[in-house]
Amino acid sequence: MEIKDFVCTGCALLCDDIGIKTEGNTIEKTYNTCRKGAARIRGDEERMTCTIKGREENIDKAITEAARILSEANKPMIYGLGNSSLEAQKKAIELASKLSAYLDDTSSFCQGPVVEAILEGKVPTCTLDEVRHLADMILFWGSDPASSHPRHLSRFSYFPRGEKRQRGWEENRTAIVIDVRKSDTSEICNKNFYRIPPGSDGELIDALTAALNGKIPKVSFGMSSKEILELANLLKKAEFGTIFAGLGLVYSLPEIEPMIKLIEALNKSSNFHLMPMVGQYNMRGFNHLLFEKTGYINRVKFDGNKVDHGPHCSVMEVLNSGETDAMLIIGSDPLGCFPKSIAEKLKNIPTIVIDPARTFTSMIADVSIPSAYTGTEAAGNAVRMDGEKVEITPFIDSKKLSDEEILKRILEAI
Amino acid sequence: MGFGQFISKPELDILIVTHRDIFQNSAYEHSRFSAEYADQSAIIILTASDMKKIGIKDNDRVLLKNKWGKVIVRAVESKEEEEHAGIAYMLNSPWSNVLVSPETNGTGVPSFKRIKATISSTEEKDVEVLPVSKWENQD
Amino acid sequence: MASAMEIYQYLPRTNCKECGKSSCMAFAAALLAREVTVDDCPPLKEEKNKENYDILVKLLPPAESASETGMIVHTELCTGCGNCVVACPVNVAEDPYGAGSGKAPTSDKIILRVEDGVVKLSNVESCRRFGPQSRLCSGCIATCPTKAIEFV
C-alpha cells in the first residue's frame, strides 16, 4: 500500500508530506523523511511489555494497579506528555485535577520560557509558513536544526522559494547562526556564524539592544563594537525576521526579558518574531491546553478548584526534594534524560510508565503499560512548534491502546 | 604491575557543553538499549591541546568526574579548526547526565548544557550508567 | 581521492589471490577503478583486519553510488535533511512547487530525492555537471551540513 501525506512525529516540525510504502503491517520504505524521522516511523525495535513489579501481566491488571497507586498516593505527580496527542494530554490534565496531583512536562526545563512569553502575548511570533513565504532574515540562536530539526531549513526557513522570496536562499534570505560551537547548521551558514563563549548569550543580547538604541555596544569577549554594530545593522534592515531560539539560548538566559527587549528594539524599524525550537512533537500542544485550563503552561499542582504554580511544582524540584510519593510518566524517559542523581529518586517511589518502547525508566517502574505509537498506530492531533494544529492519521492496524485510551481507563478506575 | 599505577595521571578542569546529534538520536529511536546508541553517546570531543595536556590520543578512554558522579567515555579529537581549550563537547545522553548537578537554585532547570568536570586518562573499568532492573532478584 | 598506493597500504599485502586478482596491488587498482568493492577481499573481513577494513570503506565511497557525473552520496553521512533537494537548480526547474518549495516531490524528472532518510539519485544525466554543456554547479554540495555529497 502507498500512503501519502503522512505526518511524521519525529520532532515538532510535524512534516506532513511523508510517503510510506507498506506490505501488510510492515513499513517497506519511507519517502521525504529525514534520517531521524525515518527511524521514528519505523519505531523502536524493542516494544514495551506490560508488567507489574517486573512480572508480565495483562493490561487490565496493570491499569487497575496504576489506578490503585495513584489514588493511594498523597502527592502524586504526572509527567511527560510531549510525545502524546492533544486528546491524551486532555485526559492527563483531567486525571491530575481529579487526583489533586502535580503536573509538569519537558517544557519545564527546556522551551517553557519562550512558549510562555508567546502565549502571554509578550513577544511577537509567526508561523513556519509565514517564514517560508516572507522571511528574509533567519537567526538560529543556540539552535542547530541540522541536528535537531533536520528539515527546518529545507521546508521552511532558508532554502525553499516562497511567495515573497522567489529566489530562496541564494539572494533572498540571510541565515545567521549564533552558537558556542561550530554546529552542522553553522557549516551551512558559515558566512554569518558568530561564535560566543558559553553563557554569554545574555551579554550579546544586551549589546545588540544597546546598539539598536544608538549606544556603543560592548561585550567582555572577543567581539568588537564594530562587529556588534554591523550585526545589529544587518538585522534591523530585515523586512521579516525570525529568531529561532534553541536550548543553548534558553539555558543561558535566567530570564527571557532581555530577548523580548531585543525584539522590541529591532521592531522599531523591522518586523521580528520569536519561535521556540520545540523538540518533542507535541510539547507545545500540552502547553496550550494547560494554559487554556489554568493560565499556566506547566509546573502546576491541582488542589480542588485551586491551582498552585511555580518552580516548586517543577518536575525536577518535586522529584529531587522527595515531595511526590508516586509518579505517572507518559512518553518520557527520566532515567535517560534527567540528571542521574535526580532520576534515581524514582527508585524510591512507586512509578508507572506508559510508552510504546521499552524505556530506561521501565527498568525500575512498578507498572509499565505499552501504548501505540501516535502517528503510525494511533490517531490524534498535535501542535507544531509554531502553534499550528496538525491532524495525525495512522496507517498501521495495532491492537495496542493509545495513550488517550490508557489514561481514560485509569481515570475510570479511580 | 608497573610503576604506572603509582604515578597520578594529569587532570584537567573542563567545561562540558552538551548538544544533540541526528545520528545518535536516530540510534535512540531505533533502540535506546543498543550498543550503537551507547557507542555514539559515550563520547567526549576534546580540542587537540587539551588531549595533549592529559596525555591521550584519539579514541583513548577517559575518566570524567565531579561532585555528582563519574563516567568513563571515549575521547574524540575535535574537528573544529579553531582550538577550544577548556571546553569539551558531549552529546545529551545518560552518560552526560551522570555529571549534571541536581541543584537548580530553585529554578527547576538543571544545568544540562554547562557541566564542570575534571578529565584524565584512565585504565579503570567502565562505570555502569544505564539502570538495572529493580525487580530481577525478587524471586 | 585516495591513490592506489594509499589503498594498498591498508590491504593485507599477502597476494593471496582469493579475490581473483593477481596481487594486492592489482586489487588496489581495481578498487580505485570501482571494478571491485572492499568486501571482495575475504581476508579483509577477518576480525584482525577490521581497522583497515573500516579505513578503506571510508576512503572508498561505494561504487554503486558513483554516478556518471562523478556524483557520490556518502549515505552514512547523509541526514536526509533535503537541503540539496530544494537547492538543486534542476529540481527547482522540474518541480518548482514540490521539491523546489521544500515539499514532497511531484515530478519523476528530479535528480535528488530522499528515501528512507537518505538522499537518492535519479536522472543524473540532467545534472548540470553532465554532458557537453556541463558547468560547475555546487548547489547540492554547498547546502549539505555534513559534506555527504561529493563529485569525483
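Student: Which kind of link do the side chains of A:Arg358 and A:Glu46 form?

Tutor: Side chains of opposite charge can pair when their charged atoms come close. Here, A:Arg358 and A:Glu46 meet in a salt bridge, 2.2 Å from N to O (a side-chain nitrogen of Lys or Arg within 4 Å of a carboxyl oxygen of Asp or Glu). This pair links distant parts of the chain, 312 residues apart: A:Arg358 sits in the loop between β16 (351–355) and β17 (367–370) of chain A, and A:Glu46 in the loop between α1 and β4 (51–52) of chain A. Helices (H or I, at least four residues) and strands (E, at least two) are DSSP runs, numbered from the N terminus.

Before going on: this is a predicted model, where local features need pLDDT of at least 70 and side-chain atom pairs count only at pLDDT 80 or more, while totals for chains, interfaces and linings use all residues. Residues are numbered from 1 along each chain as its sequence is written, chains are lettered from A and ligands numbered from 1 in the order written, and side-chain values use heavy atoms, with hydrogens and water left out.

Student: How many salt bridges are there over all chains, and how many between chain A and chain B?

Tutor: Over all chains the structure holds 39, and five lie between chain A and chain B. One joins B:Glu29 to A:Arg40, at 3.5 Å from N to O. On chain A, the elements giving two or more residues to the side that touches chain B include α1 (35–42), α12 (247–252) and α15 (315–320).

Student: How many residues does each chain bring to the contact?

Tutor: Chain A brings 53 and chain B 48, with contact meaning heavy atoms within 4.5 Å. Together they bury about 4,400 Å², 58% of it on carbon and sulfur atoms (accessible area, 1.4 Å probe, lost on being put together and summed over both).

Student: And what is the volume of the second largest pocket?

Tutor: About 870 Å³. Of its 35 lining residues, the closest to the centre are A:Pro113, A:Leu253, A:Pro254, B:Thr107 and B:Val109. On a 1 Å grid, a pocket is an open set of points for a 1.4 Å probe, with protein on both sides within 12 Å along at least five of seven lines; lining residues have an atom within 4 Å of a point. α4 (112–119) and α12 of chain A each supply at least two lining residues, and α4(A) gives the largest share, four.

Student: What about chain B's own layout?

Tutor: Chain B has four helices and six strands, in the order β-α-α-β-α-β-β-β-α-β. Its C-alpha trace spans about 45 × 40 × 35 Å along the principal axes.

Key: Buried area is the accessible area (1.4 Å probe) that two parts lose on being put together, summed over both. Grid points are joined across faces, edges and corners, and a volume is the space filled by probe spheres set on the points.
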